[in-house]
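I opened my notebook for a slow walk through one protein chain. Come along and look things up with me.

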Amino acid sequence: MAPLSYSSSKPISSSYQALNYRLLLLLTLLPLTVAFFAFILQWQGGLIDPLLSSPDPFQFPGMDYPGSNSRPHRRSVSDCVDVLGQSRSPAFPYFKDWNFEFGSNLRPKICIVSSTAAGLEQILPWIFFHKVIGVSTFFLFVEGKAASPVVSRVLESIPGVEVIYRTKELEEQQAKSRIWNETWLAKFFYKPCNHELFVKQTLNMEMAIVMSRDAGMDWIIHLDTDELIHPSSAREYSVRQLLADLPEDVDMVVFPNYESCVERDDIIEPFTEVSMFKKNFDHLPIEAYLGNYRRAIRGNPNYFLTYGNGKAAARVQDHLRPHGAHRWHNYMKAPKEIKLDEAAVLHYTYTKFSDLTSRRDRCGCKPTKEDVKKCFMLEFDRAAFIIASTATEEEMLRWYRHHVVWTNKALSLKLLKRGILTRIYTPMVGKSHNSRT
């Protein structure tokens, strides 16, 4: 058989080249097509969030951004993505995969009012936690860092969050409040630091009552952004379920507070790094409380470093009024109040070493024993302010370790066994879940 000539192989070579060209074209177009369809599926353009586009049922002074004549438009999530460097989820850009049914008919509807100057690193996980357990609406009265453009525009993008700024118009309206006629509050008027904050919180709570009623809320709770509700006695760990199970004639529910007990001096994220708490005396047998009191205070002025009277939720109804930052009352009747036997408020107080200086920087009080009495209600706050104002950083750290940090493991174990201290890990769950998404 004669060998094939060169010319007879040319059509075969050409067919191979054509086939290679088609394969190359297919491999090029396939990922582009997939990317195009992915873009179409995820595109948010032109979709209007009904919650953000609906007209406001209420408008108060301070709901305009400072320095503007009208309320700022609700920003799209894309406005916030550069701030957070995270997902473009339309529900909330900070934590992935948490879409809530904000328009649902689940009852009761619960709102939280808070006066805060904190940053996103504290406010965002605080909002996330409370949304998970059933809170639908937040009225945030912001100042300081919380009122800055970077922080406030993120807060405004979150469905269910209403941001109220401390403007001149707001202060003028609150100056006309009937709160100034309350004799029980008069001793806090026109005093600096904590006393001023206490009055502001009361005025903000009064305004939030009206806002909550207009928003169709059933219950209102006043919390700081260093506090978490712990509905341990409810099914499914839900504050909504907890309040739904109450008799209809109950007007107010008191959550006794548990106070954080830090075991290190380098805490960064208190909600996910602190698990040990000192139980409220309302949740302890009297003999256990009295028998371990000396050990539990560790040389500090009182059983708790700060407050010990808990926080309360109130049923939204006519004539409701605030009774300080921790309670509610009614102008027309004595409200029926119950105190919960298991549920609590977790108070993360002085959990970070920097809390010493941050509290100092927010108050212009002189660091003397006489002057601090005019600025702070609690003995520990007074001592902390003086040490933060007069000591070196090394001396401050030594003081912090001695008075705040629980370094004595044997004592901690003994008080855990006796029920004075307890471990609560639930707030850490959201962090561990989010880190896997």
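Entry 1: I started at Cys193, which counts as buried because its relative accessibility is 15%; buried means under 20% relative accessible area, exposed over 50%, and partly exposed in between, with a 1.4 Å probe and protein chains only. I was looking at a predicted model, where local features need pLDDT of at least 70, side-chain atom pairs count only at pLDDT 80 or more, and totals for chains, interfaces and linings use all residues. I also noted that residues are numbered from 1 along each chain as its sequence is written, and that side-chain values use heavy atoms, with hydrogens and water left out.

Cys193 sits in the loop between helix 6 (168-174) and helix 7 (194-214). Helices (H or I, at least four residues) and strands (E, at least two) are DSSP runs, numbered from the N terminus. I found that phi of Cys193 is near 60°, a positive value in a residue other than glycine. Most residues other than glycine have a negative phi, and most peptide bonds are trans.

**Entry 2: two other backbone notes.** Tyr237 is a non-glycine residue with a positive phi, near 50°. I located Tyr237 in the loop between strand 5 (227-230) and helix 8 (239-244). Tyr237 counts as buried because its relative accessible area is 19%.

Where is the cis peptide bond that I wrote down? It joins Arg107 and Pro108, with omega about 0°. Pro108 belongs to the loop between helix 3 (77-84) and strand 1.

**Entry 3: His195.** I moved on to His195, in helix 7. Is His195 buried or exposed? His195 is buried, at 6% relative accessibility. Its contacts (heavy atoms within 4.5 Å), leaving aside neighbours within four places in sequence, are Phe188, Lys373, Lys374, Cys375, Phe376 and Met377. His195 and Phe376 are 181 residues apart in sequence, yet their C-alpha atoms are 6.8 Å apart in space. I also saw the side chain of His195 reach the backbone oxygen of Lys374 at 3.0 Å.

Entry 4: Ser114 is in strand 1 (residues 110-116) and is buried, with a relative accessible area of 0%. Which backbone oxygen does the side chain of Ser114 reach? The oxygen belongs to Leu223, at 2.8 Å. Beyond its neighbours within four places in sequence, Ser114 is in contact with Trp126, Phe139, Leu140, Phe141, Leu223, Asp224 and Thr225.

Two of those names, Trp126 and Leu140, came up again when I checked the largest nonpolar core. A nonpolar core is a set of buried Ala, Val, Leu, Ile, Met, Phe, Trp, Tyr and Cys residues joined through side-chain atoms within 4.5 Å. The largest one has 66 residues, and those with the most contacts inside it are Trp126, Ile127, Leu140, Leu155, Phe255 and Leu356. Helix 4 (residues 120-132) gives this core its largest share, six residues. Apart from it lies another core, of 20 residues, among them Ile209, Ile220, Ala312 and Val316.

**Entry 5: helix 16.** I looked at the start of helix 16, where Asn408 caps the N-terminal end: a side-chain oxygen lies 3.2 Å from the backbone nitrogen of Ala410. Which residues of helix 16 are buried? They are Leu411, Ser412 and Leu415. These residues are on the same side of helix 16 because they cover an arc of only 100° around the axis; the arc is that of the directions from the helix axis to the C-beta atoms. The exposed residues Ala410 and Lys417 are on the face turned away from the buried side. The cover over the buried residues includes strand 8 (276-278), helix 11 (293-297) and strand 14 (421-423).

Leu415 has 0% relative accessibility, so it counts as buried. Not counting residues up to four places away in sequence, Leu415 touches Asn292, Arg295, Ala296, Trp406, Ile420 and Leu421. Just after helix 16, I noted a positive phi of about 85° at Gly419.

**Entry 6: the whole chain.** I finished with some totals. The chain has 17 helices and 14 strands. Buried residues make up 48% of its 437 residues. Among contacts between residues at least 6 apart in sequence, 72% join residues at least 24 apart.

Notes: Polar contact = N/O pair within 3.5 Å; in protein donor to acceptor, adjacent residues only side chain to side chain.
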